[in-house]
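Please look through the sequence and the three-dimensional view below before reading on. The report that follows moves from the chain as a whole to some of its parts.

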Amino acid sequence: MGEGILLGPLVLFAAVMSLTPGPNVIMVTASAANFGFGRTIPQMLGITVGFGFLVMAVGLGLAGLVHAEPRLHTVLRYAGGAYLLYLAWCIARADASSSASARAKPIGVFEAALFQWINPKGWVFALGALAAYTTAGGDVLWETSIIAAVNAVAYLVSVVIWAGFGAAIGRLLDNPRARMAFNGSMAGLLVLSLIPVFW
């Protein structure tokens, strides 16, 4: 299986990259704290599927298109940054227990999947995995599929862990001030995750 691919190092790489804080884990933690674990499941599935498809697309040639057309990279970077700022604003204002809770809802499957295509950390993650773990002269489709599957599973495990952490925190946030402080800190972390993208 995956001849030529060093599965042990690939799994370790995927675990480290997916478990460390970034936009996806910040979003699921905040979502589970505000809406509960169950209502965050669609977001977790969207992240997993969307990231798997991103790795496949990058491995099968999308990276070459981005390198050939630098303006596309700029568009992706700024679109991702703008969307992350929007998500940070939504997180800062999220409060499923408030009178506005009927309108408040977590990110769905489709939105979470689409976000992967403009997620700056996701691109770094995908490019790094493909550069490090494909082999010269190997079967591109097979190796890319293995890398995509391993990384998607790692992301699923990661977001489940972080959503569980968020749900546990959510039980401690009965006080509106504590919830506002938590949501503000999650929004701030999301904004800070943009620093490596632009500087």
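## The chain as a whole

Of the 199 residues in the protein chain, 44% are buried, and it should be kept in mind from the start that the model discussed here is a predicted one. The secondary structure of the protein chain consists of nine helices and zero strands, so that, read from the N terminus on, the order of elements is simply α-α-α-α-α-α-α-α-α.

The contacts can also be sorted by how far along the sequence their two partners lie. When contacts between residues at least 6 apart in sequence are considered, 86% of them join residues that are at least 24 apart.

## Helices α1 and α6

Helix α1 covers residues 7-19, and helix α6 covers residues 120-133. The axes of α1 and α6 come within 11 Å and cross at roughly 170°; because angles over 145 degrees count as roughly antiparallel, α1 and α6 are described as roughly antiparallel to each other. On the α1 side the contact is made by P9, L10, F13, A14, M17 and S18, while α6 contributes K121, F125, G128, A129 and Y133. Sorted by class, the residues of this contact of α1 with α6 comprise eight nonpolar, two polar and one charged.

## Aromatic rings

How many aromatic pairs does the count come to? The count comes to seven aromatic pairs. One of them is formed by F13 and F125, whose rings are edge-to-face, with 5.7 Å from centre to centre and 70° between the planes. This pair links distant parts of the chain, since F13 belongs to α1 and F125 to α6, and the two residues are 112 residues apart.

Is F125 buried or exposed? The relative accessible area of F125 is 0%, and because buried means under 20%, F125 counts as buried. Ring pairs also link F13 and F125 with F51, Y133 and Y155 into a cluster.

N151 lies in helix α7, and, with a relative accessibility of 0%, N151 counts as buried. When neighbours within four places in sequence are left aside, N151 is in contact with L10, F13, A14, F51, F125 and A129. Among these partners are F13, F51 and F125, which are also members of the ring cluster.

L130 lies in helix α6 and is likewise buried, with a relative accessible area of 8%. Not counting residues up to four places away in sequence, L130 touches V55, V58, G59, T144 and I147.

## Helices α2 and α7

Helix α2 covers residues 23-35, and helix α7 covers residues 140-170; their axes come within 7 Å and cross at roughly 35°. This crossing of α2 and α7 is right-handed. Which residues of α2 meet α7? From α2 they are N24, V25, V28, T29, A32 and A33, and in α7 they meet Y155, S158, V159, W162, A163, F165, G166, A167 and G170. By class, the contact of α2 with α7 has 10 nonpolar and five polar residues, and no charged residues.

Notes: Residues are numbered from 1 along each chain as its sequence is written. This is a predicted model: local features need pLDDT of at least 70, side-chain atom pairs count only at pLDDT 80 or more; totals for chains, interfaces and linings use all residues. Side-chain values use heavy atoms; hydrogens and water are left out. Axes are lines fitted to C-alpha atoms, for helices over the stretch in contact, and angles run from 0 to 180 degrees between N-to-C directions. Helices (H or I, at least four residues) and strands (E, at least two) are DSSP runs, numbered from the N terminus. A crossing is left-handed if the near helix is turned anticlockwise from the far one by less than a right angle, and right-handed if clockwise. Contact means heavy atoms within 4.5 Å. Ala, Val, Leu, Ile, Met, Phe, Trp, Tyr, Cys and Pro count as nonpolar, Asp, Glu, Lys and Arg as charged, and the others, Gly among them, as polar. Rings of Phe, Tyr and Trp (its six-membered ring) pair if their centres lie within 6.5 Å; planes under 30 degrees apart count as stacked, over 60 as edge-to-face and the rest as tilted. Buried means under 20% relative accessible area, exposed over 50%, partly exposed in between (1.4 Å probe, protein chains only). Angles under 35 degrees count as roughly parallel, over 145 as roughly antiparallel, 65 to 115 as roughly perpendicular and the rest as oblique.
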